Structure formats: C-alpha cells, structure tokens
Amino acid sequence: MAQQVRGVIAPGKNQPVRVETIVVPDPGPGEAVVKIQACGVCHTDLHYKQGGINDDFPFLLGHEASGVVESVGEGVTDVAPGDFVILNWRAVCGSCRACLRGRPQYCFNTHNAKQKMTLVDGTELSPALGIGAFAEKTLVAAGQCTKVDPAVSPAVAGLLGCGVMAGIGAAINTGGVGRGDSVAVIGCGGVGDAAIVGAKLAGAARIIAVDIDDRKLETAKSMGATHTVNSRNHDVVEAVRELTGGNGADVVIEAVGHPETYKQAFYARDLAGTVVLVGVPTPEMTLELPLLDVFGRGGALKSSWYGDCLPSRDFPMLVDLHQQGRIDLGAFVTETIALDEVEKAFERMHEGDVLRSVVEF
C-alpha cells in the first residue's frame, strides 16, 4: 500500500524549494523502500534546483543519503528489511559491456526504480540522481542500496553516497595517486577536501590546496593539505610549479567544473601527469586548448564519474577506515538541520559557510 511522507521538492527553475506530501508506492520487482535517516545537502541538488541538470521539474531533491531498508520487492536478495544502507546513484547492472569486461565501476546501464513517486494530486516527481532522499522515505532500485556497518553515524555514512566518495575516488581510483606523488586540488569545497583526504590516504608526499577563500584553505590544511595557494593573490600555475621543484604536480584534481580552472589544472601538472575533472560543469560551458599542448604535455586527461567507485567495494571499506580512525569523515559534517531548512542550507552553501549541511530525520 502506498505511503504518504514529507519531502522537499524543487517546483521550478530557481524557485525556492518547499516541503510537500510525497506518495511513495510499495516496492515492485527489484525495488526497495528505504526509511531515510540522514541526507547531505549537495551542490548537485542546487544544480537541479537551478535547472542546470535538466528541466524535468518538479524534482524530489536529495541523494547523499543513508537509511534503513523498510521493504523490498520481488526478486530482491542482496538487501532485506532492517539493513542499514548507503544509497548510491550507480546501480550496477552486471550485464552491460563494461560489467562483462570486469569494469563494473563504469557500468553503462545503471538503473533506478521503475515506479514513480508523486505528489498527492498525481504529479510525477523526478528524483535527484534517481534517489530523491530529502524525504522521510524513498523508493529506489535495490541495487542502489549498499549495506554497511550500522554502527556508523547515519550523517557520516550518507556523505559517501556522493560528495565524499566523488572526491576520495577522484584521487585514488581515477587519479591513481600513489606513494610520494605531488597532488594539487583546485577548489576546496566538500569534494575537493575529500580529494585531499584521498590523496593523503594514498600516500601523497605533497598536497597543494587551491582556492579563493582563506577559510576554505584553512579547512583544507586540517584535512591533510601540506601547502595552500590563494588563487586571488597568486598565479595558480606558477605557484604549483614553484611548490613542485618547477615541474608541476603529478596529479591535479579540478573540483570546480569551470573552463578557467580546468586550464589551470592542465598547465599546473607535470609532463606526463594526470588531470582529473571531478567538478561538475554546466551545459553551456566549453573548453578550448591548443591541440599541440595536449599532445606535447602527454599524460592523461580524465573525468571522474562518481569517483569511479564501486559502491559494494568502496563504501564498506571507507566506513571501516572511518571506524578505525584512519580517516575522519565526521569532519565533513558542518551542521545537522531539519527538512524545512534545506533552502537556508543552499544559501549557506552559496556563501561558502559550510562543507556539508546534513538533514537528519
């Protein structure tokens, strides 16, 4: 029987979000209903609100979430009612060409719940990244549920569902940061700071944080940055080269998603170095680089999809590392808020006052 719960929707482009009654259907084959315990306020949700993803309004926002499986549909065997899970937006299909070649982290046929959640009047909702977790309960594909140790704080666990995983994965999985490497991270919001954590975890010898905000640079140092560069006051390429013996960094992670900062990343890397784009650009952005420079500098230009993570492998591992005290995921939680404070959280995000606001239920 369908349930009615409270959820936060974005009704139209750049309109304030509001709390509405959401109708959540019973799970069908391959689906699960999850009672949400915590959900981070991610910049991608703001992109949805602003119309930067697509125009399939109204959106049910929220995707960086953890909770407890309440019920499952026919054929679901990997999770069961009562399991504590992190929600992910890349449910691996197991049968596409990437999966069959042993690269499930690149699954080209990820899927969401087939049924739609709606408003009371029947208006269909578009769940952000196929999740829609700014709600007391949500309907997802069962493959979007990853079991982890229930002893971890829900607010901490949920952050692995998007931003923290994207950053850590950009360093470890996509960038292949190794022992002794030099790493520069451009943009020190939640994703950039997570990339710093990932670089430190991988054994990088020098981690250079780049941002325009001294507050963010101080936070980056607490996350593991060894050097900082305020790009309002210094030329980024020159500063990174100066800090790396004149060569440039082995890996440069661009966590802004803007053509100008991407160019900085491109020229701030060493010859044969790697650039990782993990910042999310908007549809109208374009990039122009001299092709001779692309050829002549060698190396690799990569985009990081969700930190190239495999949720079943990476989520439990990172939860374990947090539980052991080897990484501090709790440092990303700036504040916990109520469901009706999401709009204010977007404002604080825009002002640069928080790493993550987390809705707790």
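Biologist: How much space lies in the largest cavity?

Modeller: Rolling a probe the size of a water molecule over the atoms shows where empty space is left. In this predicted model, the largest cavity holds about 30 Å³.

Biologist: How many cavities of 30 Å³ or more does a search of the whole structure find?

Modeller: The search finds 1 cavity at that cut-off.

Biologist: Which residues line the largest cavity?

Modeller: A lining residue has an atom within 4 Å of a cavity point. Here the lining consists of E64, L159, G163, V164, G190, V191, F332 and R356. Two elements, α4 (163-174) and α5 (190-202), each give two or more residues to this lining.

Biologist: How do the lining residues divide into nonpolar, polar and charged?

Modeller: There are 4 nonpolar, 2 polar and 2 charged residues in the lining of the largest cavity.

Biologist: Now the whole chain. How many helices and strands are there in the protein?

Modeller: The protein has 11 helices and 18 strands.

Biologist: What does the radius of gyration say about the protein?

Modeller: The value is compared with that of a compact globule, which for 361 residues would be near 21 Å; the protein has 20 Å, so the two agree. Along the principal axes, the C-alpha atoms fill a box of roughly 65 × 40 × 40 Å.

Biologist: What percentage of the residues is buried?

Modeller: Buried means under 20% relative accessible area. Of the 361 residues, 54% are buried. The protein exposes about 15,400 Å², and carbon and sulfur atoms supply 48% of that area.

Biologist: And contacts along the sequence?

Modeller: Taking contacts between residues at least 6 apart in sequence, 68% join residues at least 24 apart.

Terms used
Residues are numbered from 1 along each chain as its sequence is written. This is a predicted model: local features need pLDDT of at least 70, side-chain atom pairs count only at pLDDT 80 or more; totals for chains, interfaces and linings use all residues. Side-chain values use heavy atoms; hydrogens and water are left out. On a 1 Å grid over the protein atoms alone, a cavity is a set of points where a 1.4 Å probe fits but cannot get out, and a pocket is an open set with protein on both sides within 12 Å along at least five of seven lines; lining residues have an atom within 4 Å of a point. Grid points are joined across faces, edges and corners, and a volume is the space filled by probe spheres set on the points. Helices (H or I, at least four residues) and strands (E, at least two) are DSSP runs, numbered from the N terminus. Ala, Val, Leu, Ile, Met, Phe, Trp, Tyr, Cys and Pro count as nonpolar, Asp, Glu, Lys and Arg as charged, and the others, Gly among them, as polar. The radius of gyration is taken over C-alpha atoms; the globule rule is 2.2 Å times the number of residues to the power 0.38. Buried means under 20% relative accessible area, exposed over 50%, partly exposed in between (1.4 Å probe, protein chains only). Contact means heavy atoms within 4.5 Å. Accessible areas come from the Shrake-Rupley method with a 1.4 Å probe; for residues, only the protein chains shown count as cover.
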